[in-house]
Amino acid sequence: MRDALLGHQHLDWDLATAARPQQVRSLFPRTVPVGIEFGTVGVLDVNGVMHEVTTFRRDVHTDGRHAVVDFGVSLDEDLARRDLTINAIAFSPSTGEIRDPFAGRADLANGIVRAVGEPGERLGEDRLRGLRAIRFAARFGFSLDAPTWDAIVASAPHLTRLSAERVKQEIEKTVEQVRYPGRAFRLWRECGALKVLIPAISSMTDIHLAALDNTALPQTGSGSGRKILRLTVLFSAAPASGVTDGLRALRFSNADAAWIGSIVSRWSALAAEMRSTLVASNHPADAVLRRWAAIAGRTRLASVLRLANSHWRAERDAGLAAPAAACVGSVYRRAVRIAYRDPIEIADLAVNGRDLERIGISGPAAGQTLRYLLQTVINDPASNAHAILLDAARKQVSHGRE
């Protein structure tokens, strides 16, 4: 109802009813007991799309993470257990009536996020509600009601009661739904939530937060690509060595954790050199870009550059020295093209370990020689020919023996 009143499209309606879960299941031919102990039944329509229907309920007991509920209550009692006034509005499609017992429509009109009833009680019932309030405020550009904000601050030390999965889901919803997620995570930082939930990034600076808002860049894409970029920017505030493990602790998938960790690690290794090089020159040599591609990795270079540009744009906006936007766009296109065109990995070399064995180079010396040859072809791709590289290998080993 909230989004409908705000005029937003692609609405996700929450359906509520006085019917108990078993009655709902008996009324529809295809149902799924998605959360039947909490009164929620999934009803499949003729197209196989599931709609969650929840029985009016009230909390009998809650520990800030789990609730025991009771059915057989009125709609107003059900709305009274909602977190925020803007989420405690109901609409009857049969009568057209809007039920708004907590003045949620007025708060929507005035741009205010306010807890239903006494804020401390609402947040004590479910500690995640403070983070949800922040997300809605950032998403809609609303302000937080002062007593609600005070309750969020007071609730922060108790956020350890939340499961890692619920924290992960809230992080994902924030980076997916909020146009400027830096605004939300600034409030996480100010209320103490970052220090409790993700201490590795709790000291992130305002410029870092601004970088998070600068992720709608050319060739970034949208959807899952933008989500991963935003998560990468967010966790680039942490020491690179701990990013992968930190994401796994929050129950991100192993694949996402490893990818984001690798991008942050390579950006950390290249950031200072990239910045100084591009500030000094709008057109670095191809050999420089090949070396960056070799360090970042062929498939990771574009993501490293997007992460870097998010930070550079924030730095420029703050009046700091950073590569110019036009320079970054040009280098991005050149670097990605070079990464997929030129030899930048040992596997790209025209010789391999067996070739070196045939000329008497084996063991650790072979690995050292291949790395030397890679640097040779990074500086001069034309040298990536079988005979030329074998000759260079012989000279390198001979020189090393002198």
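1. Two strands are taken to pair if DSSP finds at least two bridges between them, while helices (H or I, at least four residues) and strands (E, at least two) are DSSP runs numbered from the N terminus. This is a predicted model, in which local features need pLDDT of at least 70, side-chain atom pairs count only at pLDDT 80 or more, and totals for chains, interfaces and linings use all residues. Residues are numbered from 1 along each chain as its sequence is written, and side-chain values use heavy atoms, with hydrogens and water left out.

2. Strand β2 (residues 31-35) pairs with β3 in the antiparallel sense over three bridges, and here Val32 stands opposite Gly42 of β3. The hairpin formed by β2 and β3 has four residues between the strands, and Gly39 in this hairpin takes a positive phi near 95°.

3. On β3 and strand β4 (residues 50-55), the pairing is again antiparallel, over five bridges, with Val43 standing opposite His51 in β4. Five residues lie between the strands in the hairpin of β3 and β4, where Gly48 takes a positive phi near 80°.

4. Strand β3 (residues 40-44) is itself mostly covered, since four of its five residues are buried (buried means under 20% relative accessible area, exposed over 50%, partly exposed in between, with a 1.4 Å probe and protein chains only).

5. Asp107 belongs to helix α4 (residues 104-110) and is buried, with a relative accessible area of 4%. Leaving aside residues up to four places away in sequence, Asp107 touches Thr85, Ile86, Ile112, Arg114 and Phe142, where contact means heavy atoms within 4.5 Å.
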